[in-house]
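I opened this entry to look up a few things in the structure. My notes follow in the order I took them.

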Amino acid sequence: MVKKGSRATILIIEDEVDIRTFASRVLELEGYRVRQASDGDEGLRLARGNQVALVLLDLRLPGRDGWAVLSQMKSDPELSSIPVVVFTASAGALQRSRALAEGADDYLVKPLSATSLRESIARILR
Amino acid sequence: MKDKLKTKERPISEPGQMRQRIAEETKRKQVGKTTLKPEEYAESIVQTVREPLLVLDSDLRVISANCAFYQTFQVTPGETEGKVLYDLGNRQWNIPKLRELLEDILPKNTAFNDFEIEHDFATLGRRIMLLNARRIYHETNRTQMILLAIEDITERKRAEEKLNKLKSNLLSTVSHELRTPLTTIKGYSTMLLDYDKRLKQDEKQEYLSAIDRATDRMTELIDHLLDMSCLEAGLLKLNKTPTNITALLLTTVAEARLRAPGHKIVLNLPKAVLKLNGDGRRIRQVVDNLINNAIKYSEMGSTVTIGAQIESSKLVASVADQGIGITRENLEKVFDRMFNLEHRLAQDPGGLGLGLALCKALVEAHSGRIWVESELGKGSIFYFALPQEVIAEGEAYGEKG
């Protein structure tokens, strides 16, 4: 069973180094363990066997994009139960409903404050 | 008083009456002047119109067609005149929507305007046409005729669709590209506010520098957009003055080294001072853009080489990188704004793809030329050549911008 709450592991899949650093620092300061990936393939690799409690996923990624990562995770029995929070610069309502329909637990639009990020994660891992 | 008004200066109340009067006047004048019969006069108008026109009788048989009709639909008068419209060219005009317009709508009205129909033509393929028709009463023959104008708007429609797609692409790209640095600014600043006491001093410095870089990136994006729209509106004015290119390159490279400490940036200059008459700020912008691209598309630790020299009274500058390179078929296209918007790859490390289009416009505004040589996986060399205008002896050179 994956440990919830503090010390739970969160995997951040994001290619922009500053945004990845921001998200990981905030979550570390909130007491989570953080793993980081800068593309979809690395993200999927880290999602396995690391007791990941939640994935924070950018959609626009080099190579395998966030949509592909999401559908791969949701169709894989080992990964399908891991909550996914989409974190994207695409603000469209259509994209949001598509992401939620494809199994995302939340859809966060960039830019985002530290508070909004930690609240979304805390709500899902409660 | 009233009667007088009625008989002598009867106002024209209906647009129809007005139109008829004008038509009669015109006909009388024109026919009088050129001694054309009314039929010939009408025929000459029909033939002059650039869009395909058909004159049909009340049974929808073709009385005549104009040149534009024969050209557009690749048919001859022999296979057209006297035939029922629907039987023309393998019955390619037997279109349900057209039948409805001619057989239901037109008999109840005197005209129909701007009906759009899409149809697969045997000879032309899928076309979108705009149809306009009028019922005319032929007084001498005492018969009804139909004037049918068929405008092929396929190309226009396609161009419009493409433009709309580009516009919405541009909008979503701009929005995405602005949100990325904004995320850094919002994220780091709220983090600095929320966790101030728990962050070390050097960590705070790091986040503040990232915020600073993000604001520069946003400024650059906005500048590119503004410059591009000025260029398109023809509002870009060069401020040409004698400019010391050697000094300009030295400062530009020194600043690039500060921006990209991970790259080795080399500057090769001839001993003699390079100078020309140009807009220093704009030339600087071109060099900056090329250097930034070279950095963006090559690995950390690789070398970017900037060179400049005089070749047959032209200043030729180059920026070479050891980056990913450009495929042969894209060598010309990288300077095309539309291309960059359409072919943005997920791998693109950011930007609107406007930089090179802007460089090209700025170089060309100086009557210069820009081009690129590249080998995939090995790197690219961007060149630009500016004519070295003769400058009067003794004129002072100062670095501009």
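**Chain A: contacts and build**

I started with contacts in chain A, meaning heavy atoms within 4.5 Å. Among those between residues at least 6 apart in sequence, 62% join residues at least 24 apart. I noted that this is a predicted model, where local features need pLDDT of at least 70, side-chain atom pairs count only at pLDDT 80 or more, and totals for chains, interfaces and linings use all residues. Residues are numbered from 1 along each chain as its sequence is written, chains are lettered from A and ligands numbered from 1 in the order written, and side-chain values use heavy atoms, without hydrogens and water.

Next I looked up secondary structure. Helices (H or I, at least four residues) and strands (E, at least two) are DSSP runs numbered from the N terminus. I found five helices and five strands in chain A. Along the sequence they run β-α-β-α-β-α-β-α-β-α.

Then burial. Buried is under 20% relative accessible area, exposed is over 50%, and partly exposed is in between (1.4 Å probe, protein chains only). Of the 126 residues in chain A, 52% are buried. Areas come from the Shrake-Rupley method with a 1.4 Å probe; for residues, only the protein chains shown count as cover.

**Charged patches**

I looked for patches of like charge: residues with over 30% relative accessible area and no salt bridge, joined within 9 Å. A salt bridge puts a side-chain nitrogen of Lys or Arg within 4 Å of a carboxyl oxygen of Asp or Glu. Arg7(A), Arg33(A), Arg35(A) and Arg45(A) form a positive patch. Arg45(A) sits in helix H2 (residues 40–47) of chain A. Its relative accessibility is 57%, so Arg45(A) counts as exposed.

In chain B I found a negative patch of Asp212(B), Asp216(B), Glu220(B) and Asp223(B). Asp212(B) belongs to helix H8 (residues 201–232) of chain B. Asp212(B) counts as partly exposed because its relative accessibility is 44%.

What does Asn289(B) contact, leaving aside neighbours within four places in sequence? I listed His224(B), Gly355(B), Leu358(B) and Cys359(B). Asn289(B) lies in helix H10 (residues 280–296). At 8% relative accessibility, Asn289(B) is buried.

Chain B has twelve helices and twelve strands. Buried residues are 40% of its 401. Its accessible surface is about 23,600 Å², 53% of it from carbon and sulfur atoms.

Technical notes
Patches are made of residues with over 30% relative accessible area and no salt bridge: like charges are joined within 9 Å, nonpolar side chains (Val, Leu, Ile, Met, Phe, Trp, Tyr) within 5 Å. Lys and Arg count as positive and Asp and Glu as negative; His and the chain ends are not counted. The place of a charge is taken as NZ of Lys, CZ of Arg, CG of Asp or CD of Glu.
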